Amino acid sequence: MKAVSLFSGCGGFDLGVSKSGVEIIMANDIDHDAAVAYQSIFPQTHFVEKDVRLIKSFPRADILIGCYPCTGFSSAARRRWKNRKDERDLKDNDKNFLFQEFLRAIDSVKPKLIFIENVRGMLSANNGYFLNQQLEGFRSRGFENIEPMILNAADYGVAQTRERVFFVGFHKRLGPVDHKEPRPTFGTATRVHRSLRDVIADLPEWPVGDFFDGPFHGHYLTRNRKRGWDQPSYTIVADGHHVPLHPGGEPMSFVSKDKWRLNGDFNRRLSWRECLHIQGLPERMNAGETLWDKYRVIGNSVPPRLAQRLSSQAIATLRERL
Ligand SMILES: C[S@@+](CC[C@H](N)C(=O)[O-])C[C@H]1O[C@@H](n2cnc3c(N)ncnc32)[C@H](O)[C@@H]1O
């Protein structure tokens with residue numbers, strides 16, 4: 001079974017899918033560091049490093065994966081959008097329309113199964129306009145019964161609270177498919193969430209050079225950034241400034257609305273390697289040149305474990321129907 005992957009990043013989603021024996025025949029990203037990271041995990045895949053809008057055609061495959069960027073739908077971008085129109089808004093706005101490239105790819109890949117990941121904000125952006133545009137695009141191409149699913153990575157064995165929207169779509173020529181959200185396997189009555197202790201306890205306490213040690217500005221201190229050792233991490237983000245704190249030392253304290261205080265003398269952001277472990281990405285991955293590249297490539301990734309849980313049942317169904 002073959003797949004084409006767009007907006008592939010370092011290949012987090014593809015890693016999960018490949019666990020079901022799927023071969024990724026083509027992948028793409030505009031980001032050079034993501035391209036290097038991807039190829040360090042999938043050396044056999046034909047990787048096209050360029051803006052997807054410049055790719056003229058895509059090969060045929062059974063599955064199409066597309067995690068189109070989320071910048072324009074993220075809450076930070078929406079705040080900017082609401083407050084003022086600047087150049088960054090235009091760029092973000094532009095990004096909101098990259099789903100049309102995914103629709104264009106459906107036309108040449110002619111997949112029977114599609115997977116999409118995005119941020120939650122996409123569901124409500126512009127009063128549902130973007131969501132409806134996408135659903136309409138899928139419907140008119142034969143993917144009729146697609147419902148967005150909001151999944152939290154922590155519920156599927158990732159040591160991190162990370163809520164994202166996923167779409168799984170089967171082409172109507174496969175016949176009716178009753179695809180359900182994957183059942184949570186962690187955070188249940190019998191199994192607690194995986195914790196920071198489970199994934200980073202054996203890493204060095206103060207790995208100088210591997211974490212951003214710049215000041216904690218006002219915005220950083222508007223909320224709690226430190227989870228305890230026995231909890232899953234806060235979301236691993238792509239911008240090194242906003243990466244959560246290491247669980248060591250004392251917890252932060254609430255001061256007043258949008259105001260939190262650091263305590264004690266052990267307060268540092270998670271290192272890029274800790275982020276890699278929390279995301280569940282392989283140690284062998286070449287995450288990038290600079291610290292910023294590493295944080296960005298790792299933070300943009302879909303946790304492979306979640307992708308595996310989400311995709312395995314759908315891929316099994318596709319195999320039965322082929
Ligand atoms: C959410 S991340 C992808 C996560 C990845 N699919 C994974 O599973 O780990 C979105 C990616 O889209 C890429 N991207 C943004 N604009 C692009 C464009 N115009 N063409 C190709 N890739 C683009 C970004 O560089 C980023 O790596």
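Good morning. The protein has 11 helices and nine strands. Helices here are DSSP runs of H or I with at least four residues, strands are runs of E with at least two, and both are numbered from the N terminus.

Some ground rules. This is a predicted model, so local features need pLDDT of at least 70, side-chain atom pairs count only at pLDDT 80 or more, and totals for chains, interfaces and linings use all residues. Residues are numbered from 1 along each chain as its sequence is written.

Overall shape next. The C-alpha atoms fill a box of roughly 60 × 45 × 40 Å along the principal axes. The radius of gyration is 20 Å, which agrees with the value near 20 Å for a compact globule of 322 residues. That radius is taken over C-alpha atoms, and the globule rule is 2.2 Å times the number of residues to the power 0.38.

How much is buried? Buried residues are 43% of the 322. Buried means that 20 or more other C-beta atoms lie within 10 Å of the residue's own; exposed means 12 or fewer; partly exposed is in between; C-beta atoms are placed from the backbone.

Now contacts. Two residues are in contact if their C-beta atoms, placed from the backbone, lie within 7 Å. Of the contacts with a separation of 6 or more, 69% join residues 24 or more positions apart.

On to the core. A nonpolar core is a set of buried Ala, Val, Leu, Ile, Met, Phe, Trp, Tyr and Cys residues joined through C-beta atoms within 7 Å. The largest one has 68 residues, and A3, V4, Y38, L64, A105, C275 and I298 touch the most other members. Helix α11, residues 304–321, gives the most to this core, with six residues.

Take A105. Beyond its neighbours within four places in sequence, A105 contacts V4, L6, F58 and L64.

I298 takes us to helix α10, residues 291–299. There, K294, Y295, R296, V297 and I298 are buried. Their cover includes α2 (32–41) and α9 (272–279).

Next, the ligand. There are 22 residues around the ligand, and F7, G9, G12, F13 and C67 come nearest. α1 (12–18) and β2 (23–29) are the elements that give two or more residues to this shell. A residue is near a molecule if its C-beta atom, placed from the backbone, lies within 6 Å of it. By class, the shell has 11 nonpolar, seven polar and four charged residues. Ala, Val, Leu, Ile, Met, Phe, Trp, Tyr, Cys and Pro count as nonpolar, Asp, Glu, Lys and Arg as charged, and the others, Gly among them, as polar.

Look again at F7. F7 sits in the loop between β1 (2–6) and α1. F7 is not a glycine, yet its phi is positive, about 50 degrees. F7 counts as buried because it has 26 C-beta neighbours inside 10 Å.

Now D258. D258 lies in the loop between β8 and β9. Its phi is also positive, about 60 degrees, and D258 is not a glycine. With 10 other C-beta atoms within 10 Å, D258 is exposed.

The strands on either side are β8 (residues 253–256) and β9 (residues 259–261), which pair in the antiparallel sense over three bridges. Strands pair if DSSP finds at least two bridges between them. S256 has K259 in β9 as its bridge partner.

Last stop, G137. G137 is in helix α7, residues 129–139. G137 is partly exposed because it has 16 C-beta neighbours inside 10 Å. Thank you.
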